[in-house]
Amino acid sequence: MAGPKPIGLAWRSNTLFIVSTVGIGLFTDLFLYGLVVPILPFILRDRVSLPEGQIQTYVSALLAAYAGASVLFSPPAGVIADKTSSRQAPFLLGLVALLAATLMLFLGQSVPVLILARVLQGVSGAVVWTIGLALLLDTVGPANLGKTVGSIFGFISIGELAAPVLGGVVYKKAGYPGVFGIGFAILAIDFIMRLLLIEKKTAAKWEKQDNGTEDDANRQDDGTATGEDGDDNEEEPLLRKKEEDNYKVPDGQSKVVRAFPILYILKDPRLLVALLLAFNQATLLATYDATIPTEAEQLFGFDSLKSGLLFIALVLPYLLLGPVAGWLVDRYGPKPAAVLGFGYLVPVLILLRLARPGGTPEIVLFCALLSLCGLGMAVIGSPSIVEASYVVSQYDNANPKFFGEQGPYAQLYGINSMVFSFGLTVGPLISGLLRDRIGYGNMNAVVAGLCLITAVLSVIYVGGKPNFLRRK
């Protein structure tokens, strides 16, 4: 490799630094999304001078612009990431889009400019989630993906749930400059970390250059050891070959499938159920976001700040138990966590109907029920991405030439991001409609039914069919 060795190569390519950079990137995306949500009506009224009767319509349009852009751009972002040699370049470009979006929201004086800003925010979200998860897999490997994702999701959930409250409070005290000042400060930290990041495969080339002779000797030793291990059990290669045959992609695939090879894997029911887990996880998060503040206002007369503080009860178990749940997924596989997590949420969601108007005892009960929900959310945080990554890795290993040098992992995470964004979009719409029509308790019963269906599908498909369902 030409050129001088990068300064700080060891810490810049360190696993903890890369994981932290991805975590900050995901946090920034969700934090900036939530930060501007409570001030959108004021921007439309004060800067754009919209009539009061049109503000709600345009707020909904701005929210839909973000979600639509994220849904539509996630798959292309995955394809681009798998075709490029570096994950860092598109990761940085996504942040540039977010910076442009934040500037436009800060300075925009018309509806088209604000809509374009929200579209750029959605594009940035698609890129950061797609590239970020692919970079995580490159860095920690499949064996540690569960606890890594569990840790990150617990951390970024703070940004997602706290940002709207902080945005509202800061706007009241310091106006637009205060709100966007926080946003630009976080963007600066995120930009510096992404710029300093060095991917593991890039660092390995420098290490190889420095220790070329030693690496050659190690490779020879490894080859000898592998040969010796292979003699110990002659049946293992035969079993592996038989399993690989189940994931072989037949010749003669269409041009579309050859261009987007992830499409072939989407026929696998295990992958489809894994994506369903992601969709339901997002739907649950969005349901909490959409209904807890309104329910707290109706039951206890809470304002936006007090309603926002209720989310601490939901987030704290997620933050503390997310890494533990992720470690258990790495240790025992995604099936137990998916089945038990979604199954556990069924009675807990039904119990939310116990919330009643009143004082401190009723508030404590509501917080306790939200904490139980947070425990369930921690358990279901990792199984989807771990299961999907495993299924795709089986196809990739069985067909290395078909999927290319980097595999279809970024394409997978692009689709995962699209499904997750779709869940965040439809969750508030469905839950809000159900709450208005049948009440808060019955709405949660419907969501509990969705969790029950997901748990049953997880029994059948996640981690492979159980023995009692397999053909003899």
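**Exercise 1. Describe how H15 packs against H20.**

Solution. The axes of helix H15 (residues 334-351) and H20 approach within 8 Å and cross at roughly 160°, where axes are lines fitted to C-alpha atoms, for helices over the stretch in contact, and angles run from 0 to 180 degrees between N-to-C directions. H15 is therefore roughly antiparallel to H20, since angles over 145 degrees count as roughly antiparallel, those under 35 as roughly parallel, 65 to 115 as roughly perpendicular and the rest as oblique. The crossing of H15 and H20 is left-handed, a term used if the near helix is turned anticlockwise from the far one by less than a right angle, with right-handed used if clockwise.

The next step is the contact (heavy atoms within 4.5 Å). Residues of H15 including Phe 342, Leu 345 and Leu 349 meet residues of H20, among them Ala 448, Cys 451 and Leu 452. The residues of this contact divide into 14 nonpolar, 4 polar and 1 charged, where Ala, Val, Leu, Ile, Met, Phe, Trp, Tyr, Cys and Pro count as nonpolar, Asp, Glu, Lys and Arg as charged, and the others, Gly among them, as polar.

The model is predicted: local features need pLDDT of at least 70, side-chain atom pairs count only at pLDDT 80 or more, and totals for chains, interfaces and linings use all residues. Residues are numbered from 1 along each chain as its sequence is written, and side-chain values use heavy atoms, with hydrogens and water left out.

**Exercise 2. Describe how H19 packs against H20.**

Solution. Helix H19 (residues 409-438) and helix H20 (residues 440-461) pack at an angle of about 135°, and their axes are 7 Å apart. The two helices H19 and H20 are therefore oblique to each other, and H19 passes H20 in a right-handed crossing. On the H19 side, Ser 431, Leu 434, Arg 435 and Ile 438 take part, meeting Tyr 440, Asn 442, Met 443 and Val 446 in H20. The residues of the contact of H19 with H20 comprise 5 nonpolar, 2 polar and 1 charged.

**Exercise 3. Determine how many disulfides the structure holds, and describe Cys 451.**

Solution. With a disulfide taken as a pair of cysteine sulfur atoms within 2.5 Å, the structure holds 0 disulfides. Cys 451 is in no disulfide, and the nearest cysteine sulfur, that of Cys 373, lies 9.2 Å away. Cys 451 is buried, with a relative accessible area of 2%, whereas Cys 367 is partly exposed at 22%; buried means under 20% relative accessible area, exposed over 50% and partly exposed in between (1.4 Å probe, protein chains only).

Key. Helices (H or I, at least four residues) and strands (E, at least two) are DSSP runs, numbered from the N terminus.
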